[in-house]
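Here's a quick briefing to read alongside the model. It starts with the pocket and then works through the cores and a few individual residues.

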Amino acid sequence: MAGFFNILFSNPLGLLALASIIPLIILYLLRPKTIDLNIPSLLFILKREEQRSKLSLLFRRLIRDPLFLIQLLVLILLSLAIAGPYIMDEKVSGEHTVIIIDNSASMQAGGRLDSAKDMAANRLSAVNSVIWAQNVPVLALKEKSTTRAKEVIAITPQRAVACDLTAAITYAERISGAGGSIIVFSDFAGWTGDDPLVAKSLAEYNGVKVEFVGVDEPGNGNIGFVNGWIDISNGKYNLNLAIKNYNEQNANVQLEIRNGDASQSATLDIPAHTTSAYIVPGLNTGRTEVTISGGSGGSGSGSGGSGGGLGLDDTAYAFIPPAAGGSILLVDSRDQTPLRSALGLLSAGVEHSRQLPQDLFGYDIVILGILNNGSIDWNVLNDFVKGGGTLIAMASSSLVNSNNDLLPVSITGISNDTKITVVAENPLTGSIAFEDIEVVHYIKGTVPDGATVLVEASGGGPILSHWRKGKGTVVYLGLNDITGDNAWSGFNTMPEFPLFWKNMIDWIGGTDIEQYNVLTGTVTKLPAEQTISCPDGNTVTTNNLWIDQVGFYEIGEQVLAANLYDSKESNVDEVSLDVSSVTSKYIERPQTVSTEGTSDIIIYLILLVFCLVFLELYVIHRRRELF
């Protein structure tokens, strides 16, 4: 009976169909009546009947008619079916199983992830949740049926990241609750964070069963890149690589190097269980790939374009932005300025011109300083930026009367005295205390669509903003380096002034190559929501990009090179935890929890209606009223 009173309706308005009962009753009341005849032998009986309520006799006759009762039930059941009745399921947490699948980089060796999927699909219960164990656990499914759990398990993706099993187990414990079960499918080759055995013990003490299932398909040895970085020597960029041979025998490794349009090969001998270094000198701007095309001599080494059991670490990726290491042109009508002195401290070469040249070929960065009015050819700058160059424009009176849409600020005029505040975190905003800068004059304006503001004025308008135009970048700096009585601010007198400009050149692609070359498992914050092309060919739209694949990410014209560089994940034959020796400390703490599951009872009502219809036909047949 408890289940009956827990019936809910997905379409309560359907209960209005119960009004169809009224016409049925009326039809039965209006049926032709039999003719009454006075028979002397029945006078006594008739007199007794007249004393009864006529209404009572009428309804008694209706209730005794089986056809009326059958048709009444049919209408009631159909009306209830239209209302969509269902019953809330209440499951005990002991029926709730949380599946944890390790889909880190090492699980891609030897078909381990596929094996984990197959085993997990056979360990489901009535209520299931699925967690993908990565450097940050991902809840893929919460408290759903076996069928839905199998679908989610089947689409578990391959990720080029490390795995934090402890975080996944702790997360699963909160979901399952006391009396639930957690099953971890992993190769247990390595992990980040705390020891998963500690998390297992804590969960079992709290009444959650935890089982470790090892996926031990052999990795067949491996040779891979375990580290890499870019440095500068004599004005050139060099890619430094560390390659490790995890095999039992020495290996002769062939490398294929593609740097822009150029390609070359190299051979490297690496002893067993040893790491060797290799340097690719003089990188050109753009993309570079170094691939292990074959390794011979190791018992488990790969062949035919592979470094062994794991393919994620067979290629090292690097990207040098077009502006990196290129020449810088400062356009300023003055000869000696604080900005020119600050730029002179940089390792990159800086040229100075009193006027904007008509030909900017050979320059990667152009800085607009203080110029005479009318001396800026915006058509030249437009072509320069759209072709991939970077423009940095400082505030000056010559910008106020310019009519262009190149700058990330819509100028409305010059105003006096303002306070400035940082509105977005950025490598530029961390190098100087903008709030302490005294501003006497500044350009007032608005922010055009698509521009990103880092620092703004309280009086209105950006002080530091940027956006992309074509293949290039434009940065607007509302603080200049004018000195003396005509100074616009105290910006150039601050000791952080040279550091700011170094960070500026680094940030837009001068020497800060790290922002273009990242490790998997990191999150890159974008200035705005953008559509990104991932290495696997898929696209995502976000303003926080999680790097979980190796290869090149394309963010508009910007490119990020992502690498695994993880010696633990590359060591695919290592087993850090023998699951066969793991014991249980489970303490039973049963607890009943309510899930979101429902039981639909519409089908049962429809079946009952069919049965009643057949019963009605049978009654009509017995009465000889059929045909």
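The largest pocket holds about 1,300 Å³ of space, a volume taken as the space filled by probe spheres set on grid points joined across faces, edges and corners. A pocket here is an open set of points on a 1 Å grid over the protein atoms alone where a 1.4 Å probe fits, with protein on both sides within 12 Å along at least five of seven lines; lining residues have an atom within 4 Å of a point. Keep in mind that this is a predicted model: local features need pLDDT of at least 70, side-chain atom pairs count only at pLDDT 80 or more, and totals for chains, interfaces and linings use all residues. Residues are numbered from 1 along each chain as its sequence is written, and side-chain values use heavy atoms, with hydrogens and water left out.

**The pocket lining**
- In all, 49 residues line the largest pocket, and R468, T473, Q515, Y516 and Q558 lie nearest its centre.
- Elements giving two or more residues to this lining include β14 (315-320), α11 (378-386), β23 (462-469) and β29 (558-563); helices (H or I, at least four residues) and strands (E, at least two) are DSSP runs, numbered from the N terminus.
- Strand β26 supplies the largest share of the lining, with seven residues.
- By type, the lining splits into 22 nonpolar, 18 polar and nine charged residues (Ala, Val, Leu, Ile, Met, Phe, Trp, Tyr, Cys and Pro count as nonpolar, Asp, Glu, Lys and Arg as charged, and the others, Gly among them, as polar).

**The overall build**
- The protein has 15 helices and 30 strands.
- Of its 627 residues, 47% are buried, meaning under 20% relative accessible area, with exposed being over 50% and partly exposed in between (1.4 Å probe, protein chains only).
- Among contacts (heavy atoms within 4.5 Å) between residues at least 6 apart in sequence, 71% join residues at least 24 apart.

**The nonpolar cores**
- The largest nonpolar core has 34 residues, and I367, L464, F500, W501 and M504 have the most contacts inside it; such a core is a set of buried Ala, Val, Leu, Ile, Met, Phe, Trp, Tyr and Cys residues joined through side-chain atoms within 4.5 Å.
- Helix α13 (residues 497-507) gives the most to this core, namely six residues.
- Not counting residues up to four places away in sequence, I367 touches a set that includes I328, L343, I392, W501 and I505.
- Another core of 29 residues lies apart from the largest one, and L329, L356, V366 and W488 are among its members.

**T288 in β13**
- T288 is part of strand β13 (residues 286-296), and it counts as buried because its relative accessibility is 0%.
- T288 and N259 are 29 residues apart along the chain, yet their C-alpha atoms are separated by 4.4 Å.

**N517 in β25**
- N517 belongs to strand β25 (residues 517-519), and its side chain reaches the backbone nitrogen of F319 at 2.8 Å.
- Leaving aside neighbours within four places in sequence, N517 contacts I230, Y317, A318, F319 and A561.

**I555 in β28**
- I555 sits in strand β28 (residues 551-555) and is buried, as its relative accessible area is 1%.
- Beyond its neighbours within four places in sequence, I555 contacts L526, Q530, I532, L545 and L560.

Conventions
Polar contact = N/O pair within 3.5 Å; in protein donor to acceptor, adjacent residues only side chain to side chain.
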